[in-house]
Amino acid sequence: MVEIDNLGLDSVGIVAFISTFMGAVLCIQMAFNIDTPLVPLYTIGFVTRQSVVLEFSPTIISLILAGKVGSRVASELGTMRVTEQIDAIEIIGINPATYLIFPKVVAAVLVNPILILMSMMMAIFGGWLAGVTTGLVASSTYIYGIKAFFDSYDIVYAMIKTVVFAFLIVSISGYHGFYTKGGALEVGASSTKGVVHSSIAIIVFNLILTQLLLA
Amino acid sequence: MIEAKNVSKSFGDNLVLDEVSVRFEPGKCNLIIGQSGSGKTVLMKCLVGLFEIDSGKVLYGDRVFSKMSFDEMKMIRQEIGMLFQGGALFDSMTVEENVMFPLSMFTNQTPAEKLERANFCLSRVKLENANKLFPAEISGGMKKRVAIARAIAMNPKYLFCDEPNSGLDPLTANVIDILISEITQEYNITTVVNTHDMNSVIEIGDRISYIHKGKLWWQGDNESILKSDNPELNEFVFATELTRKLK
């Protein structure tokens, strides 16, 4: 529960904020790109939903979580390593990797899908808010677009990506933190490595999973 | 009894321990002394299995510790208490939770029983009113005492102390030394203390092993160390002008 709180609930604010603005920008950009009456206006809602569900929420928010959660995990474990707290756990007779990293992985895998679902809702809401308040699209048209051609497999695809990304973020950052050697400088370096490597892994796995699940 | 037999350890090309053989007796404060970088901490970490040795053996009684798997080591580690140089208290836990941590992991005691044991251990190290404080809220000396309380919570057979006095004023350092010595005798623990503090050597050194350049250079007790004619040992023991004059 502590890990769910630390890794998940702590991120609700930033995820909600970024998602709302991300959805708003997507909606406005779509509206400005539709310059022909041949394309119906509900396309704004439809494309906003598809972009958010398929890519922006699972991938962009996971990249943001890689920065927030990844640095937290790596620096926490790195500090525990350099202050000999991990050695102390090992001396007591506990496997420190299992004790420290496994609950974080479980927490992230459980809580990240909830965060991403929330992100999708907030982004779609942000798009509606921006579209309606700027007068680019009518509320009913946007909502019609949101509902149009909906395939529930898109959500499954997004959730599979989210779970894999959550695992990558915590395990890669945890690895770098756990094997930190030295002092404060090295803790900082581990934190940076954790974020960079997990971000790269997310980008690479995004392509692999998309090919596997959508192609 | 703990015994190291021909233990060698190197990091890359750097040979840190060179065939060290040393025995640590129960009910005694067994001190490992030596200059910084001489290999004391590496020897201690080899003894507790935090470093894998390159060759030789580490024995706990007649059990060959150095050849054990992690799960086999786990049984012996439950008999080990260790005081780390910086205390190594879990900073997300209170003092009381730190002391109860090994009990929560390895016993089926009720919360009340664990609390009772934690209170006993904390009173043993003369820390009665710090239960709810976090490590960041207590002094260096108090941290060391909490670490000792945590180390003795499981009634260990073996107690390892890595530079228990580092960073402490002489009076607090002496309190820690006396505490370690009392606990060792009271529970007949095999205590291994890693130090370069000469006050500790004189105060509690029942058996002293001097490590020099990764080798066991000299062994004796706190009386014979002052009379030794070993030049390297004398250079270490009587390092200051004042101690040389006193000699």
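## Two domains in chain B

In this predicted model, the domain assignment of chain B, whose bounds come from an automatic or database domain assignment, gives domain 1, made of residues 2-79 + 159-246, and domain 2, made of residues 87-155. Taken over C-alpha atoms, the centres of domain 1 of chain B and domain 2 of chain B are separated by 25 Å.

Where the two domains of chain B touch, 10 residues of domain 1 are in contact with 10 residues of domain 2, two residues being in contact if their C-beta atoms, placed from the backbone, lie within 7 Å. On the side of domain 1 of chain B that touches domain 2 of chain B, helix α6 (residues 170-187) of chain B gives the most, with five residues; helices (H or I, at least four residues) and strands (E, at least two) are DSSP runs, numbered from the N terminus. That side of domain 1 of chain B has seven nonpolar, three polar and no charged residues, where Ala, Val, Leu, Ile, Met, Phe, Trp, Tyr, Cys and Pro count as nonpolar, Asp, Glu, Lys and Arg as charged, and the others, Gly among them, as polar.

## A sheet in chain B

Chain B has an open sheet of four strands, in the order β2-β1-β4-β5, with antiparallel pairing; two strands pair if DSSP finds at least two bridges between them. Because β2 (14-24) and β5 (63-64) of chain B stand at the edges and each has a single partner strand, one side of each is left without a neighbour in the sheet.

Strand β4 (residues 55-60) of chain B runs antiparallel to β5(B), and two bridges join them. In β5(B), B:Val64 is the bridge partner of B:Leu59.

Chain A has nine helices and zero strands, and its C-alpha atoms fill a box of roughly 70 × 35 × 30 Å along the principal axes. Of its 215 residues, 46% count as buried, that is, with 20 or more other C-beta atoms, placed from the backbone, within 10 Å of their own. Among the contacts in chain A with a separation of 6 or more, 87% are accounted for by residues 24 or more positions apart.

Between the chains, 11 residues of chain A are in contact with 15 residues of chain B, and the side of chain A that touches chain B divides into four nonpolar, four polar and three charged residues.

## Reading the numbers

Residues are numbered from 1 along each chain as its sequence is written, while chains are lettered from A and ligands numbered from 1 in the order in which they are written. In this predicted model, local features need pLDDT of at least 70 and side-chain atom pairs count only at pLDDT 80 or more, whereas totals for chains, interfaces and linings use all residues.

Conventions:
Buried ≥ 20, exposed ≤ 12 C-beta atoms within 10 Å, placed from the backbone.
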